Amino acid sequence: MSRAPGRPPGALRASDHLIAAYTTGGAHLNFTDPDLRGCRAAHYGANYPRLVAAKHRHDPDGLFTFPQPVDS
């Protein structure tokens with residue numbers, strides 16, 4: 001996965017200990033962490049199969065994409 005331009009490696013993880021007590025260990029809404037392992041489960045959960053079907057139906061040519069897309 002690519003990281004944000006200009007952001008030093010590990011910058012996202014450097015502050016994890018500060019927020020750990022306030023999180024579930026999943027993903028932050030509207031932020032796709034390029035270093036997150038198990039990103040599909042964390043971002044989409046049980047909805048992933050339904051999202052894949054919608055992606056195929058509405059974007060069959062793969063026009064819309066980003067670093068952690070549905071059905072990459």
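Predicted model: local features only at pLDDT ≥ 70, side-chain atom pairs only at ≥ 80, totals over all residues.

Which residues make a nonpolar surface patch of about 390 Å²? I found Leu 18, Ile 19 and Tyr 22. For patches, I took residues with over 30% relative accessible area and no salt bridge, joining like charges within 9 Å and nonpolar side chains (Val, Leu, Ile, Met, Phe, Trp, Tyr) within 5 Å. A salt bridge here is a side-chain nitrogen of Lys or Arg within 4 Å of a carboxyl oxygen of Asp or Glu. Accessible areas come from the Shrake-Rupley method with a 1.4 Å probe, and for residues only the protein chains shown count as cover.

Residues are numbered from 1 along each chain as its sequence is written, and side-chain values use heavy atoms, with hydrogens and water left out.

Next, confidence. The mean pLDDT (the predictor's confidence in each residue, from 0 to 100) is 75 for the protein, and 68% of its residues reach 70 or more. I saw the lowest confidence in helix 1, at a mean of 77, and the highest in helix 3, at 92.

Then the layout. I noted 3 helices and 0 strands, running α-α-α from the N terminus. Helices (H or I, at least four residues) and strands (E, at least two) are DSSP runs, numbered from the N terminus.

Ile 19 counts as partly exposed because its relative accessibility is 45%. My cut-offs were under 20% relative accessible area for buried, over 50% for exposed and partly exposed in between (1.4 Å probe, protein chains only).

I then turned to helix 3 (residues 48-58), where Tyr 48, Val 52 and Lys 55 are the buried residues. Seen down the axis, they fall within an arc of 60°, so they line one face of helix 3. That arc is taken from the directions from the helix axis to the C-beta atoms. Turned away from the buried side are the exposed Pro 49, Arg 50, Arg 57 and His 58. Helix 2 (39-44) is included in what covers the buried residues of helix 3.

Last stop: Asp 59, in the segment after helix 3. Asp 59 counts as buried because its relative accessibility is 10%. Leaving aside neighbours within four places in sequence, Asp 59 is in contact (heavy atoms within 4.5 Å) with Ala 54 and Phe 64.
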